[in-house]
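Dear colleague,

Please find the structure below, together with its sequence.

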Amino acid sequence: MSLTASKVVQRAGFRSLVPAITHIPYGTHASLDYLEQQLFLAMVPPQEVAAIFVEPIEGEGGYIVPEDEFLARLREICDRYGILMVVDEVQSGMGRTGRLFAIEHWGVMPDIITSAKGIASGLPLGAILSRPELMTWAPGSHATTFGGNPVACAAALATLDLLEGGLMKNTTKMGKLLQAGLTKLSEQFSQIYPPRGRRLMVAVDLWDGEGNLNPKLRNSILHGAFHRGLLLLGCGKAAIRFCPPLVIDKEQIHTAIAILKNILSQEQ
Ligand SMILES: Cc1ncc(COP(=O)(O)O)c(C=O)c1O
């Protein structure tokens, strides 16, 4: 709750939150310049920073892929000041981008990874992954009623077997197909921008034709899709996200693209 910068509605009514957490804009070198040249010089002593949390691809914020070298530079900043780099793979992890964890696309090694959502194929489970020296805590110091639920853990192990046994390959194949379909739609309809993201973590922005993002159109498309049997979610200001189950097949992708095409034709 203290770390999220997704929507104020999620924090409303939950004060007080953990203090001394500072957010910076996502994914650009300009933002890292601000971190190093403003925050670390004027407001936040870097030697007092415990950790920097980052999504390898921003999820709720709009499926934003960071600029080249952003994550490597962040790693280098963390190393320089002895700050832990925590990569939040709750949305991007577990094979969704064609790698077990999205951070692997950039060859950067974080200190800690957080994982959840796809980790147990829908059963409730979250995990924090790290090195033994960070993860060796006194017994009982991280207790929770439902933590380590055996059924959810068994589902997570089965999920890993499925990912390694072909699902990640399917993700790569189907991701390409989905992006090709969305690219084609963006060529046919001026309101929809070309897709961004990786494999089965993809989003498209909706525009009004005059250079402005169009959340109203996005919402109308989400609504239209729902009534035609296609469940989609928004993200960012005016984007539609595509994060289907990794078992998705060719026919289902063609159906989804056909439904979208039908809606866009009617919106014109
Ligand atoms: C990137 C990211 N981190 C964390 C969360 C929250 O995860 P949980 O509900 O497991 O606390 C979400 C939920 O959407 C998310 O997308």
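Which residues surround the ligand? The ligand is surrounded by E55, E60, D88, V90, Q91, A116 and K117, where a residue counts as near a molecule if one of its heavy atoms lies within 4 Å of it. By class, this shell has two nonpolar, one polar and four charged residues, with Ala, Val, Leu, Ile, Met, Phe, Trp, Tyr, Cys and Pro taken as nonpolar, Asp, Glu, Lys and Arg as charged, and the others, Gly among them, as polar.

Please keep in mind that this is a predicted model, in which local features need pLDDT of at least 70 and side-chain atom pairs count only at pLDDT 80 or more, while totals for chains, interfaces and linings use all residues. Residues are numbered from 1 along each chain as its sequence is written, and side-chain values use heavy atoms, with hydrogens and water left out.

Turning to the loop residue, P46 is found between α2 (29-43) and β1 (51-54), helices (H or I, at least four residues) and strands (E, at least two) being DSSP runs numbered from the N terminus. P46 is buried, with a relative accessible area of 8%, buried meaning under 20% (1.4 Å probe, protein chains only).

Best regards

Definitions and conventions
Buried < 20%, exposed > 50% of the residue type's maximum accessible area, 1.4 Å probe, protein only.
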